[in-house]
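Dear colleague,

I am passing on the structure we spoke about, with some notes on what turned up in it. Please read them beside the sequence and the coordinates.

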Amino acid sequence: MTNGDDNTGKAVKDFLAEAEEIIDRLSIDLVSLSDCSESGEFSPDLINSIFRGAHSLKGLAGMFGFSEISELAHNLENLLDFLRLGKVTLSQTILSVLFDSMELLGTLVREAGEGAGEEHNIARAVERINSCISATPSSDGESPLAKLGISPQALNTLTEYEEHRLLENVKKGRNIYSVRASFSLETFDQELAELTELLKSRGEVISTLPSAGGGIASSIDFDILFGSDRGMAEIAAMVESEKVAITRLAGAELREEHVSPLESETLQEPATDSTLTAKSFSRTVRVDIGKLDELMNIVGELVLSHSVIADLAGRMRLDGSPVFAGELAKSAKALERKLSELQKGVMDIRMIPVGQLFEKMSRIVRKLSREQGKKVDLKLFGVNTELDKLIIEDISDPLMHLIRNSIDHGIETPEERARAGKDEKGSIRLSSYQKGNHVVIEVEDDGRGIDLTKVRRKALEKGLIVSLDAVSDRDAMDFIFLPGFSTREEISDISGRGVGMDVVKNNIAAVSGMVDIESRYGFGSRVIITLPITLAIIKALIIVSAGRTYAIPITSVLETMMIGSREILTVERKEVIQLRETTLPLLRLGDFFDIEGASDHPENFYVVVVGLAEKRLGILVDNLLCQQDIVIKSMGETFRRCKGITGAADMGDQRTILVLDAGGIINEATRGGG
């Protein structure tokens with residue numbers, strides 16, 4: 001590949017990353033616009049932000065030759081322009097068109113990034129957009145602006161958008177103020193921005209125009225048209241400056257109230273010289289996650305090299321070279337400290353707040369609730385909790401499945417909720433919090449909950465149980481995670497095919513996570529996802545069992561102990577021990593992985609107690625070797641479905657060992673697997 005091709009490929013990747021950011025921001029703004037539509041009022045800054053986003057996306061896509069994205073964004077921009085100019089009224093139909101168009105834009109951008117060649121017929125989307133525009137009502141009669149007392153010259157300088165905003169403020173009965181301000185030529189940009197922000201806190205700045213003033217050589221004047229429901233006295237007290245004159249335009253009566261004469265001195269002395277700068281205001285950079293992975297792998301190799309150096313220092317001390325061994329050990333200790341700092345720095349770069357993922361769920365909730373005629377309020381908590389970027393990517397689809405299930409299976413229609421004595425608007429609570437070395441994400445709804453009687457009947461139909469009383473409530477809940485298991489009678493676009501919860505469980509298990517469900521029929525359900533904070537470099541306990549060496553992530557290890565074989569009891573053909581007045585189930589890795597020759601049972605065992613969420617399990621092992629930092633490597637698609645294994649790790653001494661998935665082992669063991 002030539003250097004030009006490399007540059008082109010990098011430019012396209014940059015475009016796709018920026019396009020994704022724009023679409024994410026637009027989706028969040030659309031949700032806010034949808035919330036505002038219920039009250040009938042929305043901020044002009046909000047609609048302008050959406051309009052600018054569509055405009056930016058159109059330009060970027062056109063520059064890189066993505067014609068479909070550019071065309072759709074162009075038509076969307078036209079509709080948003082009509083909306084911001086008041087030529088069309090925000091309605092549920094227009095909101096539906098905006099949401100659907102944004103979803104299609106996201107699909108087009110995603111497929112462009114994946115290199116997918118699937119053709120999309122955007123003509124239907126463009127037709128829906130144009131039908132909204134063509135339905136614009138014609139305006140008749142004299143404009144109320146003619147009665148305001150604003151000079152025709154001033155009105156002629158207003159843009160179409162500014163004229164519309166002025167008209168909207170008049171229609172809503174707000175006071176219209178003319179604000180004239182004079183600033184020093186050296187500081188006018190900063191002072192004008194400060195005055196504008198101050199006015200915006202009490203109303204809407206409709207237009208800002210430079211005006212001819214007295215001291216042209218040293219100052220510049222501005223005429224600001226401002227709409228507010230606040231009175232003259234409050235606005236005057238808020239501004240409180242001799243450099244600003246405020247006039248209220250009192251409608252047809254043309255009553256004017258003047259405040260403070262305009263003088264030629266500056267509003268304030270400039271604190272610093274105002275000079276042009278090309279510096280960026282942002283202190284962030286966009287980095288490909290692949291580069292961070294590569295950097296993390298290098299850090300991992302350095303960690304392994306440090307382990308080898310520390311081991312060599314120990315051997316030299318034993319071989320009779322204490323002086324050199326001491327110096328080497330001291331250097332190894334200093335290297336360890338620096339590596340720890342480097343590791344923490346790289347880890348922090350990979351961490352992002354889960355709020356970025358939660359905000360994407362808002363659009364899905366809006367779309368699905370609208371399609372199903374349900375009223376749903378999504379409440380977000382713990383949005384600043386941080387997770388590894390790759391883990392967030394891997395759980396995005398499972399989380400979407402859970403949200404869809406809450407709306408389709410859980411939340412009832414307004415009529416059903418009213419009959420049940422509930423608020424007609426259902427609630428979905430999406431929250432996250434850190435718990436030790438894990439992050440817990442919960443999806444909770446106040447819908448109808450899970451009918452376990454129905455689950456048992458379906459299990460009986462499928463031959464999974466012999467009678468309705470054969471399983472406990474806890475075991476019946478686990479049936480939901482089986483492939484092809486669904487209590488839904490009709491198949492819809494959202495559910496009923498039995499595809500979803502098994503995918504959720506498998507995808508979460510793939511990142512060493514765990515999923516659990518709590519439910520009360522008639523009151524709602526809660527799905528609890530427990531995840532490791534990161535899967536990059538982790539500290540692990542190195543163990544030996546059945547003649548093989550394994551690593552257990554230290555975040556899953558609760559404690560270790562030694563027991564005698566006589567302390568092991570058998571309950572319902574399963575080995576257990578008594579641990580602080582509780583019964584702890586035991587597992588032998590040789591039996592779990594069906595290793596030949598693993599049936600030898602010594603007199604004494606080490607027990608590694610692992611736990612995830614509320615579940616506990618004791619793993620019987622032959623020896624505990626050490627704790628060590630490891631880098632978990634993927635074993636590829638071939639071994640992806642190996643239960644109980646999350647990956648492999650290089651030990652630095654030409655050995656590769658398997659890393660155990662504590663959550664997967666606990667799940668299998670408690671289900672009787674293994």
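Buried is used here for residues under 20% relative accessible area, exposed for those over 50% and partly exposed for those in between (1.4 Å probe, protein chains only); helices (H or I, at least four residues) and strands (E, at least two) are DSSP runs, numbered from the N terminus. The model is predicted, and local features need pLDDT of at least 70, side-chain atom pairs count only at pLDDT 80 or more, and totals for chains, interfaces and linings use all residues. Residues are numbered from 1 along each chain as its sequence is written, and side-chain values use heavy atoms, with hydrogens and water left out.

In helix 17 (residues 501-510), the residues Met501, Asp502, Val504 and Ile508 are buried. Viewed down the axis of helix 17, these buried residues fall within an arc of 160 degrees (taken from the directions from the helix axis to the C-beta atoms), so they line one face of the helix. They pack against helix 13 (389-410), strand 11 (514-520) and strand 12 (524-532), where contact means heavy atoms within 4.5 Å. After helix 17 comes Ser512, which has a positive phi, near 60 degrees.

Ser70, which lies in helix 3 (residues 67-84), counts as buried because its relative accessibility is 16%. Apart from neighbours within four places in sequence, Ser70 is in contact with Lys58, Ala61 and Gly62.

Ile298, by contrast, belongs to helix 10 (residues 289-318) and is partly exposed, its relative accessible area being 46%.

Best regards
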